Amino acid sequence: MASSPPRNRALRASAGDGIDPMAVVARARDLGVMGWVRPTGEIHAEGAPGALEALMAFVGEGVPTERARVEGHEQFAIRGVSAGVFVVQEHQATAHHYDLRLEVDGVMRSWAVPKGPSLDPAVKRLAVEVEDHSLGHNDFEGTLGDGGVIVWDRGTYEQGGRVAWPEALERGHAVFVLHGEKLRGGFALQRTREGAKPQWLLIKRRDDEARAGGDIVAEQPESVVSGRTLAELLG
Ligand code: MN
């Protein structure tokens, strides 16, 4: 009987911030190792035992490693670096909603979130995918028809998860970390219905930035650009 290939293993390592993350990525990809590296030197690597050994030999002598759970990564990514900008615009149109926009490949992928984002991991907010917007629209604040728009939050974001972007979005599960003025920490978008107007759920991940209870859109209604609320703008 032919022997089966060696089972994948996973390890975590702390190589320190002297490493070159891009070089680690290139070596990992050569070796077929999946996982991620942070500029701080933290590494999660999973793959064949020999490939993990070769990667750690490349990273350096004496770097402490520990066994970890195989998580099923499909890429070797850099974590902890910005993937672009995000913005949340509060928009009074026919219906009141918040537009979450993430920069992906030069456009702002967009979701209309009727109740707005939440920092409570127990709260799942409906997010209806809408047409891409240009980056030039991100700063827009003002009246629009009978309604108006304020910039409710903005900042940069990191892509996360086990699958590379934009494929993660195409497959309907995308994990990301927001660095905004109001929204911070990990979030997930999970597609629940495909079709002409795909429906997703926007969910805060459990981390140090999560907050049970409360409703940040009600607690902090003002624009991060002008300090005005949408009601004041429309007043
Ligand atoms: Mn809108």
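**Charged side chains and their surroundings**

Guide: E194 counts as exposed, at 63% relative accessibility; the limits are under 20% relative accessible area for buried and over 50% for exposed, with partly exposed in between (1.4 Å probe, protein chains only). The model is predicted, so local features need pLDDT of at least 70 and side-chain atom pairs count only at pLDDT 80 or more, whereas totals for chains, interfaces and linings use all residues. Residues are numbered from 1 along each chain as its sequence is written, and side-chain values use heavy atoms, with hydrogens and water left out.

The partner of E194 in a salt bridge is R191, with 3.9 Å between the closest N and O atoms; the term requires a side-chain nitrogen of Lys or Arg within 4 Å of a carboxyl oxygen of Asp or Glu. R191 itself counts as buried, at 19% relative accessibility. Over the whole structure, 11 salt bridges are found. E74, E167 and R171 are joined in a network of such bridges.

R109 and E129 form a salt bridge at 3.5 Å, N to O. This pair connects distant parts of the chain, 20 residues apart, with R109 in strand β8 and E129 in strand β9; strands are DSSP runs of E, at least two residues long, numbered from the N terminus. R109 and E129 are both buried.

A further salt bridge, also 3.5 Å from N to O, joins D99 and R101. D99 is buried at 5% relative accessibility, and R101 is buried at 3%.

P114 sits in the loop between β8 (107-113) and β9 (124-133) and is partly exposed, with 37% relative accessible area.

D153, in strand β11 (residues 147-159), is buried without a salt bridge, the nearest side chain of opposite charge being K182 at 6.1 Å; in this count Lys and Arg are positive, Asp and Glu negative, and His and the chain ends are left out. The backbone nitrogen of K182, however, lies 3.2 Å from a polar atom of the D153 side chain. Beyond four places in sequence, D153 contacts F86, V87, V88, G180, E181, K182, L183 and V224.

L183 is among the residues that touch the most other members of the largest nonpolar core, which has 26 residues; the others are L100, L102, W165, F176 and L189. Strand β7 (residues 96-104) supplies the largest share of this core, 4 residues. A separate core of 17 residues includes A51, L52, V63 and F76. Such a core is a set of buried Ala, Val, Leu, Ile, Met, Phe, Trp, Tyr and Cys residues joined through side-chain atoms within 4.5 Å.

Methods: A polar contact is a pair of N or O atoms within 3.5 Å; within protein, one must be able to donate a hydrogen and the other to accept it, and residues adjacent in sequence count only if both atoms are side-chain atoms. Contact means heavy atoms within 4.5 Å.
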